[in-house]
Amino acid sequence: MNHNAAHPPAPRNAPRISLGKRLLFSLVLIVALFGIAELLLACFWVAPPPTDPFVGFSPSVPLLVEDERSDSNGDAAEPGLRINPAKLVWFNDQSFPASKPVGTYRIVCLGGSTTFGRPFDDSTSFCGWLRTLLPMVDPEQNWEVINAGGVSYASYRVAGVMQEFARHDIDLFILYTGQNEFLEWRTYGDLIESSDTPGIPAARALSTLATKTRVGQSIQSLVDRLRSTGQPDSKQILSGDVDEILNHTIGPASYQRNPSWYRGVEEHFRINLRRMERIAQGAGAKLAVVVPASNLRDCSPFKADFGDGIDAATRQRLTQDLETARELLADDAAAQSLEVLELILEQDQANADVHFLRGRALLEVGLEDDAAKSFQRAIDEDICPLRATTPIKQILREFLAESSAIPVDFESHLAALSQSEQGHACFGAESFLDHVHPTVEVHGEIALAILRSLADHAIVPATPTILQIVAATGAVESKIDLRAQAVAFRNLAKLTHWAGKYDEARRNANDALRLLPLDLESRYILADCMVHKGQIDAAIEQYTELFKIGNFDRACRPFGELLAMQGHTDAAKGYLMQAVFVSQGRRQALAYESLGRLHESLGENELAAECFEKASQLRQ
């Protein structure tokens, strides 16, 4: 049988397609199909606003409402929008025309309390500075700057604000965020593992690239829809208004070291930056993102502790060593303090206070670069992280490198400024009023950093001249209400005093008293801070001055206790008896107990027993 007859050989001259050509043909076909899909989606599909895969929000009042105000003649003004009055506890009062006037460049500034302008308001915020500087650098353009910063707003809430503004013909969003990411409790569980590709830079870069195409956006939209359909209970529903963890306890006690939660917060932050990029793109607006800065040198950690693996005996010894280092530093023995701190770090590196004091000591001995690193490590190890940590800032910088957003590296700008003025980049009280809120002057520096980036991207023709900066400074400072500023400093003093940060509280109270010398509450906080720092004589002077000015009920018991401790028994009796009469409930019980102890120390046992009995009755 002839097998060759059944299968005749192929002609020798038949063309063969090489593997390379077949791969090229396949690639061209894929690109063509992708291009057709992009074109069809561009014609017939509008990408929906991206959603947050982790949290939703309970129904709340809208942020923007119709502006029903009249013009100066009492006539109805052009239709406009304004911040809902119900939201003014979180936002500045802002309004703008519903239809953007011809020739207007509309800018919306987003973020948390720094954008808002805390502890003051919009007029001295970087938004206020921009509103003043922009007409100077480009008087031909009509500039409109809206401050949409929400107090305590983190990125997942800021994205919602951005989405609400995106419908109103915005040209540029300016985003200053990253400080508030750990303020509210959210749960993540296994959602982090399935929502993105953390820790794999190549996969994350591919995911980012895909979302810049309509095909990628449509696939992501489908995945989001399937996830929400298949897992109806996967999202945590947050309150429409901020519910800070700090609101639930005295001080930062609610915060516990929780690395897995920190990683979840960080990945959530990464996702929200990408969401906001897509929201801006969908609105046809540009996006500028500011890398924030924090108080390094003059704000101690909010909560510090040694590592969980440290046994009780070692913990006690390390705590004593830490106190020794603190005392040495206070006595101007920085080198000796540094030696003790290094010994502590050899056994445990988790205590934020150790890194903070080490930063102080390093700065004292002239090792400024090492000091800056140690201060940042203190922020990173803070169990109550109320400042942008290194991972948060790294995520911001990675996002800026990968995205089309306009980068504004304010942290580097401030570091260079501090280096030139202070001789180091460990910025502190000269730049910040507390842990994150800049001074009025440094808000101006944020505005200048933004304008420099906008000039680099041809949004403004030039950066401000020295004369323009001087003129803007005068204009901004002329808007300062000194009484309102004093009240703001007092509020800062109350907050830092409540958090047990007595050095910061004392500084804030002094700032308030500089502007408002007769403010009783600020003087009370100053006196109590001195007590906690062991400055008893100075505290008595402040309490004495306070009661010369007027009566402050909450100061009666602590002043009486202080006088009793110093042996001024007659004066102490007077203030403690006054405390009994002006107090109620638990405070009155405490006043009776203090008065009872004083009677007891003087051998007045019947009076002491009577006071203790009344205190017991009040506590029932």
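Guide: Arg554 is partly exposed, with a relative accessible area of 32%. Partly exposed lies between buried, under 20% relative accessible area, and exposed, over 50% (1.4 Å probe, protein chains only). This is a predicted model: local features need pLDDT of at least 70, side-chain atom pairs count only at pLDDT 80 or more, and totals for chains, interfaces and linings use all residues. Residues are numbered from 1 along each chain as its sequence is written, and side-chain values use heavy atoms, leaving out hydrogens and water.

The side chain of Arg554 meets that of Glu521 in a salt bridge, at 3.5 Å from N to O. A salt bridge here is a side-chain nitrogen of Lys or Arg within 4 Å of a carboxyl oxygen of Asp or Glu. Glu521 sits in helix α20 (residues 520–532) and Arg554 in helix α22 (residues 553–565), so the pair ties together parts 33 residues apart in sequence. Helices (H or I, at least four residues) are DSSP runs, numbered from the N terminus. Glu521 is buried, at 14% relative accessible area.

Now set other pairs beside it. Lys573 forms a salt bridge with Glu604, with the closest N and O atoms 3.0 Å apart. Lys573 is in helix α23 (residues 569–582), while Glu604 is in the loop between α24 (585–601) and α25 (605–619). These two are 31 residues apart. Glu604 is partly exposed, at 24%.

Glu610 and Lys614 also form a salt bridge, at 3.5 Å between the closest N and O atoms. They are 4 residues apart in helix α25, so about one helical turn separates them. The structure holds 31 salt bridges.
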